[in-house]
Amino acid sequence: MLTSIKTNNFDGCKSKELGMMYFRVAIVLFGAQLIMGLIAAIQFVVPGFLFEILDFSVARMVHINALVIWMLYAMIGSVYYLMPDETGIETVGIGIGKLAFWVLTLAVSIVVLVYIFVQVGAGTEFSIWFIHEGREYLEAPRWADIGITIVVLTFYANVFLTFMKGKRTGIMMVLVADLMALSGLYLAGMFFTDNISMDQFWWWWVIHLWVEATWEVFVGALAAYALIKILGAKREIVEMWLWIEVLMLFGSGILGLGHHYFWIGTPEYWWEIGALFSALEPVPLVAMFVHVFYDWGKENGIAIAKGEKPTEMKNSPAITWILLNAFGNFLGAGVWGFFHTLPQVNIYTHGTQFTAAHGHLAFFGAYATILIAMMYIGLQGAHGIEKLKSTFSSKMAAILISFGVMGMTIALTTAGYEQILVERAELGATWNAYFTAQNLPWYIQAQAWRAVMGVITLIGFVFLVWDMLNIDKRKTQKI
Ligand code: HEM
Ligand code: HEM
Ligand SMILES: [Fe+2]
C-alpha cells in the first residue's frame, strides 16, 4: 500500500491518487484505534495498568476519536476514488484537495499528540479551544473543529463541482445530497452550552444522525458502486435499491434519534417518537442486506443454477468484506440496536456494557467492513490488477478481525446482561449495586474475554496490513 503511489496505474488520474492518500492515513489511524482499545480493555482487567501515564479516560477517548477520524478519512478517500469512475471526468480541484489533505493530516496529528501528552486541562475556555471539548467521539478542540469544517467545505466543493460538470449518476446524486447533510451536521457538535441536557440534545444530532442516517446512506452508495465495479451488477438494479434505502433510512433514522432522548431531560413525548421510529430502523438494514445478496445472487447464483459460467468476480477480498458488511450491519445495528431501543427495555440497559457491545458490532459491521472493501478496490486499481484474488493473509485478516469483534461483542453482551439483571433489576440501580455487579465473576470473566478477543482482532489487523502491503507481489494476476 505504501508503495502504491509509485506503482499506481491510474493513468494519471489524480483523484484516485488522492483517494489512496486518504486510505493510507485511515489504516494507520485504525491501527492506533485498536492499540488504544486494547490498553483500555486491559485496564478493565488490571485497573492499575498505565495509571497516571495513560489513564482509561484518555485511552478510551483516543480509541473512539481515532475510530471516527479514520472512518471519515476512508470515506473521503472512497469518494475521491470513485468520483472519476462515476462522473467520467477528473475531479475539478485536485490542487486544493491535496492541500486540504495535508492541512487535515497535520491538524489531526497535533490533536492526537495533545490528547496523548497533554491529556486534560482546567475546565476553562482555553481547554475547549486547545485541548479537547470533552464531547464523546467528537473531542477535537475548537481550533481543530474550525479547521475540519474548512477542509470538509473544500472537499464538498470538489464533489459538488465535479458532479455538476460530469456525468450525473444516481450514485453521485445520492452522495452529493448525503454529504451535504453529513457535513452540515458536524456543526451541531461545535457549540457549547452550560446546560448538559441541551448539550447532549445537539451532540446526538451529530452522532446519531451520522451513524443511523447519513453514514448509512453513504455506505449504501459505496455498496452500489462496489457491486457494479466488482460483480458487474446492473446499474438500474443497484440504483433502484439505493433510492429505496435512502427513503427508508431517512424515514426511520431521523426521528429514531428519539431513542437517545429518553433519559436526558427532554420532554416525555420522545419516548413514543423514539420507540416507534427507532424500532423501524432495522427495516432498511434488512433491505441493504437483501440488496447485496440479491445482486450477488443475480450475478452469480442464478448463473450457476442455470449451469452457466458465473460472472467473474474481480476482487475477492473486497467482496468478502462487502458480504461481512451486509451481515455486520444487519446484526450490529439492526439486531443489537433493536434489542435495547424500546424505552421499556432501555431503562434497564442504558449505559451498560450492552451498549458497548452494540457500539462495537455496529461500527465494525456497518462501517469498518465496507471501508476496508473500498481500500481493496483502491489497491487493485493502484496496482493495475485485473483480478485481485484472496490470499492466506487476506483470509486470515477477514476471519480473525470478524471473529475477534464478534467475540468482544458476545463478551460485552454477557457483561451487560449481568449488569442489567443484577445491578438494575435486582439491586435497583444504586451506586452500590453498580460496584457489586462489576465485581461478580461473570462480569470479570467477560472483561477478560474481551481483552483476549481484542488481541485476536489486533492480530487480524496485522494480517490485513501485511496483505495490503504485499499486493505488489501478486502482479502475476495482471492481465
Ligand atoms: C451503524 C449504525 C449504528 C451505529 C454505528 C451505532 C452505534 C452506537 C453507539 C456507539 C452507541 C453508544 C453511544 C454512547 O456512547 O452513548 C449507540 C447507542 C444506541 N444505539 Fe446504536 N448504532 C447504530 C444503529 C442503531 C440502530 C439501528 C438502533 C436501533 C434499532 C440503535 C439503537 C441504539 C440505542 C437504543 C442506543 C442507546 C443505548 C443506551 O441507552 O445506552 N443503534 N449506538
Ligand atoms: C483491539 C480491539 C478493541 C478493543 C480491545 C476495544 C476496547 C474498547 C474499550 C475498552 C472501550 C471502552 C468501553 C467502555 O467505556 O466501557 C471501547 C469503546 C468503544 N470501542 Fe472499542 N475496542 C476494540 C476495537 C474496536 C473496533 C474495531 C471498533 C469499531 C469499529 C470499536 C468501537 C468502539 C466504540 C464505538 C466504543 C464506545 C462504546 C460505547 O461507549 O458504548 N472498538 N472499546
Ligand atoms: Fe441512535
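Domain bounds here come from an automatic or database domain assignment. This is a predicted model: local features need pLDDT of at least 70, side-chain atom pairs count only at pLDDT 80 or more, and totals for chains, interfaces and linings use all residues. Residues are numbered from 1 along each chain as its sequence is written, while chains are lettered from A and ligands numbered from 1 in the order in which they are written.

**View 1. The two domains of the chain.** The assignment gives domain 1 (12–167) and domain 2 (314–479). Their centres, taken over C-alpha atoms, are 20 Å apart. Domain 1 puts 19 residues into the contact, and domain 2 puts in 18 residues. Two residues are in contact if their C-beta atoms, placed from the backbone, lie within 7 Å.

**View 2. The side of domain 1 that touches domain 2.** Helix H1 (14–45) and helix H2 (56–87) each supply at least two residues here. Helices are DSSP runs (H or I, at least four residues), numbered from the N terminus. H1 gives the most, with 13 residues. By class, this side has 14 nonpolar, 4 polar and 1 charged residues. Ala, Val, Leu, Ile, Met, Phe, Trp, Tyr, Cys and Pro count as nonpolar, Asp, Glu, Lys and Arg as charged, and the others, Gly among them, as polar.

**View 3. The shell around ligand 2.** Ligand 2 has 21 residues around it; Gly37, Ala40, Ala41, Gly359 and Gly454 come nearest. A residue is near a molecule if its C-beta atom, placed from the backbone, lies within 6 Å of it. The shell divides into 13 nonpolar, 7 polar and 1 charged residues.

**View 4. Ligand 2 and its helices.** H1, H2, helix H13 (353–382) and helix H16 (441–469) each supply at least two residues of the shell. H13 gives the most, with 7 residues. Domain 1 and domain 2 both give residues to this shell, so ligand 2 lies between them.
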